[in-house]
Amino acid sequence: MVLTEKSEMQVMAIEASGVDRAFGGVQALRGASFAARPAEIHALAGENGAGKSTLIKVLCGVITADRGKVEIFGQQVRRVVEPAARRGLGVATAFQELSLIPDLTVAENLLLHSPPRGRLGLVRRGRLVPEAEAILHRYGVDYIDSRLTAAELSVAHRQVVELVRVLATEPRVLILDEPTAALPDKQVEWLSGHMRRLRDAGTCVIFTSHRWREIEALADRVTVMRNGTHVATRENLSEAEAVTLMSGRTFEGTYPDVTTIATGETALRVSDLRGGRLQGVSFSMRQGEILGVGGLAGQGQRDLFLTLFGAQRAAAGNLEVGGFPVTLRRPRDAIRAGLGIAYVPEDRKAEGLFLPLSIRDNIALATLARRSSGGLVSRGREAQAVASLVGQLRIGAGRSTSQAVGNLSGGNQQKVLMARWLLTDAQVLLLFDVTRGVDAATKRDIFDLIAQLAAQGKAILFYSSETEEIAHLCHRVLVLREGRVAVELDGPVRDAERIVAASLKEVPGA
Amino acid sequence: MSIHRYARLLAAAAVVLLISTGCGDGSADNPATGGAKRVKIALSNSFIGNQWRVEMENVFKAACAMPPYLEQVECSIYNAGNDVSTQSRQISNLISQGVNAIVINAASTSGLNGVVQQACDRGIVVVSFDNTVDAPCGLTVNTDQVKFGKQLAQFIVDQLKGQGNVIMVTGVAGTGADNDRNKGAKEVFAANPGIKLVGEYTGMWDSATAQRNTSAQLPGLPKVDGVWVSGGTDGVIKAFAEAGRPMPVFGGEGENGFRKYMAGILTPKVVGMSVGQPPFLSVISLELARAVLKGERQKKSIEIPFPVATSDSLKPGETVFPDLPDSFFADFTDSGPNATVVLCQNAATDGTPCPGTLKVNLGS
Amino acid sequence: MPDRLRRLLSGPASLGYAVLTATAVTYLLVYTTNLGHLPTSFDYLSILNTTLPLVFVAIGQSLVVITGGIDLSVGGIVAFCVAVTATRVHGSGLTPFAWLLAILALGTACGAVNGVIVARARIAPILTTLATLSIFSGLALWVLPVPGGSIPSGVRMVLTNPTVPTGLIWLSLAVLGWLVLRRTRFGMRVYAVGSDETSAVAIGVPAARIKIAVYALSGLCSALAAVFYVSTTTAGDANAGGPFILTSIASVVVGGVAFSGGRGSALGAMAGAVALTLVIDVIFFAGIDPLYQSLFQGLFLVVAVLLGTGAALIARARRGAL
């Protein structure tokens, strides 16, 4: 047993060397190398745009490298190998941009490759649901209805199904790209358990994450990437070291100082807002204030943001912006009414960004009307406005603003989305989970920007799936429970546990 | 959900209805024939998107409103578009309706054979014209398209005294009429060794297309002495005029525009012969169907001669119409002492009946 | 069984069923008021036989649309196969049926050509099939320059007997064929490719092969349509295919198949095809002025599609509470 283990240790489970890959004019990988052993959990860390996702796609065969080679258990895979063939080699991958088929049911998604067959080799559709339920049960996620289509699931549940699909193949090499970005803490624990179990059974588990504590807790080794190349692979790495390695810069604190209390006039007053999961939410916020919205997942946070943005109709309730009552029927009302509510959607891939369009067009889209005269867009003025924002937000590391957004990394795409709404001169900003799937350095940029905007007198409503961020960044925190404001905490709360504790109080069964 | 429930209810209702009727009576009313009763004759036309078809339906409508048809026939008109299955459905429905005769201008020569056979089997008189139906049980009223080609070609050959360059502007490829017309023309040209065919291209039976294609072809053509046109003749003349070419001899269709040039109403005056597929074929078919139903004629297909006009025989108001547009087919009425049928201008323009009784001469 | 029926009626094809039911009821109404008696077996039979070709083309078209594509070349393939059927299928006994198999193979091959161009050369389906439409239509004219040809009466008796509803057998076989296809792994993958091709490729679905197969199947359906077309009309016409392009797409739309791909059912498209045929009859018996017939056919399409969109919106609004 010891002997075999030793000899296996000689062979890397998966190894890439000298990999180049470019998209359009963007060189995503330059001579990148990576190696992971069997029976280890290997974290891949790096800023947005460092090339992690691209490397993972090369490893699992979704894209081919322009140069370089990939070996799986010492066996070199041919240049053009479809993911199907890699599955045969025991490689399974869960992608950051979810690869569930939206119109298929959970059951169909889980069993697409090996559906239950009856006589004549026909798929027994009646058996799909029971078999899928068996799989979901085996992985302890019975709460997912296998009859729903993937499109009907919440982002978090979609991620869970995606993970179950991959786990269920019991792979020899398991690759997880940002598996926890869309997951609430409970499911993160669930996933960690399965990652450890597979590792102990000899599987090579590779994952990426922007949450350092997860990397710390899970990874046996960490590989850091920067600018498309390998920087270091270590067994022990502190967060500070990692951040320095990833960014090439050093940082002091992670969060800006928000101890000063805002004293501006009331920017937004919400009274008895109902609709969706909202059961009568009332609050007001002042200019210059960062107001956090906390609570357990699914207590109405999303509905609150969507309603304030005009993307969802309120069933009842009043809204005052700058002292004037407003009615919002569609996002255009929100943008137009001079109240300038800005919303950054949760799922970048699904809503908001136009991937084939340029950075400039994407940013300028929400305000076309204001910078056009007689229906024509003034390219000059547009370019000027965009350029200053792009600089401010450090989007795309000095790339041309005519670059297609689709070629940017996830974090940079998020910045483009934020920039779009900043350009509207919005007085009230609604920021919904804008840091999801964003690396530490980019997060830092975004936090700074938020603090700066608040200092300029903008009112900011902030939600994050990471309670830690709400605790540190906000002047005041509203904790939602069952569609109502349950508790109001003065900030900065600093201790996320306080928000969590407030969220749980009086919840039946908790 | 409520929509689905609604759908389910409707589905159930329909199933019940269909089942209860499916086993119902299998015999439609037998079409009543003969006697003083008015006979039902329906016109089933394919598409209605051009001048010729509009005139064809107008004269049919006008005829139905004129004695003797006014008293004897109950007319109806249906258009199917260029879709065989639509026309096939219409004819099936006409059968169910119990009409006595169906007059057809078909969307496909062969595509209606099945349903026409079914009509014949039920004793319905089927007369097809212009784009006729193959089914052997149906009667046809038509002109001889090979003769059309020959007649125009012969005119050109005669005018050129057997010597010269000619071009052919053909119609829509793949249609029977186009094939036959071209065949007839080529036979005549081939029989005259002095005639050289220097160009052949399609005008799609459309003046604008014919003009465009002619303009495109002309620079590459030598001196042209005669032009044979299957349709869109006035367009070809315009192209020649624009290119500053000397006017050749024209053999063309029955368009009013062409006849205006021939009559000198438009300049340049051209020498030519205008032979047309007459829109009144529908009226002839109506008469044949009526006569067969009344037992006045044998069930036999007929072929009618083309109404012909040459530059020196044109009469304004009879064979050329100065106040009607160029695209109008001036051969909606025949002329002369042996005319097949004579109709007034209003019959062709709005389908209003002409004064008096309509006399149709089907020949012997 | 009731559960299965319920799923059938609330499934992706329900728009097609609803529209079909509505037109069928309207047809019965206008027919009865017009003629004073209910439709006879002659009416049902002739509806069945004239619809069959469109039903087949609609099945093929819906498959292609489910993968997110569109097949304009159905017109060309139908025309080509009609031409070959009308000119080559002769003789008696089993010989003509052997010929029919050859024609089905021919149609499949034509469709596969589309598939290879779309999937391997990555040219947009609309461009690819527009180009091949011209090619196949040209081939049809070359084979049968003038309308004509014939079909042995033996074939006719088996396929579209004018007195016995043999067409019902073939219609049921088509339904059965679809249900079987839907229950293959291939069937599941067709939906996967149409719903999100990138994701499908990422999880190892051989998208290119699936697409080629789907276009080939569409070709096969067009060939079937051609055979039935010649059988009902008893002759061929190289221009026979044209109308099928628009009507098949209309059937797919009425049948509730989503043009974004991934959603819908060929059963819906089949129902849509029958409904479109019935609309012709409704217009006929309603005595609508011939000049406005195509206007009404268009209105019918628009209303059907609006209904479908409305239903989808309501369904989404109900789900939206998530």
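Biologist: In chain A, which helix lies across E11 and E12?
Modeller: This is a predicted model. In chain A, the helix spans residues 301-309 and runs at about 65° to E12(A). The helix across E11 and E12 of chain A is H10.

Biologist: What is the strand order of the open sheet of 4 strands in chain A?
Modeller: The pairing in this sheet is antiparallel. Strand E12 (278-286) and strand E15 (324-325) of chain A stand at the edges. Each has a single partner strand, so one side of each is left without a neighbour in the sheet. The order in chain A is E12-E11-E14-E15.

Biologist: Over how many bridges do strands E11 and E14 of chain A pair?
Modeller: E11 covers residues 266-275 of chain A, and E14 covers residues 316-321.

Biologist: Which helix of chain A gives the largest share of the side of domain 1 that touches domain 2?
Modeller: Domain 1 of chain A is 2-247, while domain 2 is 264-340 + 426-510. Their contact takes 12 residues of domain 1 and 9 residues of domain 2. The domain 1 side divides into 6 nonpolar, 4 polar and 2 charged residues. Its largest share, 3 residues, comes from residues 239-247 of chain A, helix H9.

Biologist: Which helix contributes most to the side of chain A that touches chain C?
Modeller: The contact takes 22 residues from chain A and 23 residues from chain C. On the chain A side, 12 are nonpolar, 4 polar and 6 charged. The largest share is 3 residues, and these come from residues 83-88 of chain A, helix H3.

Biologist: Which helices of chain C do the buried residues of H5(B) pack against?
Modeller: Helix H5 covers residues 113-121 of chain B, and its buried residues include Val115(B), Val116(B) and Ala119(B). Within chain B, the buried residues pack against helix H4 (84-97), strand E3 (101-105) and strand E4 (125-129). In chain C, they pack against helix H3 (41-66) and helix H11 (207-233).

Biologist: Which residue with positive phi follows H5(B)?
Modeller: H5 ends at residue 121 of chain B. The residue that follows has phi near 80°. That residue is Gly123(B).

Biologist: What percentage of the residues in chain A are buried?
Modeller: Chain A has 18 helices and 22 strands. Among its contacts with a separation of 6 or more, 69% join residues 24 or more positions apart. Of the 510 residues in chain A, the buried share is 48%.

Definitions and conventions: Residues numbered from 1 in each chain as written. Chains lettered and ligands numbered in written order. Predicted model: local features only at pLDDT ≥ 70, side-chain atom pairs only at ≥ 80, totals over all residues. Contact = placed C-beta atoms within 7 Å. Helix = DSSP H or I, 4+ residues; strand = E, 2+ residues; numbered from the N terminus. Nonpolar A, V, L, I, M, F, W, Y, C, P; charged D, E, K, R; others polar. Pairing = 2+ DSSP bridges. Axes fitted to C-alpha atoms, helices over the stretch in contact; angles between N-to-C directions. Domains from an automatic or database assignment. Buried ≥ 20, exposed ≤ 12 C-beta atoms within 10 Å, placed from the backbone.
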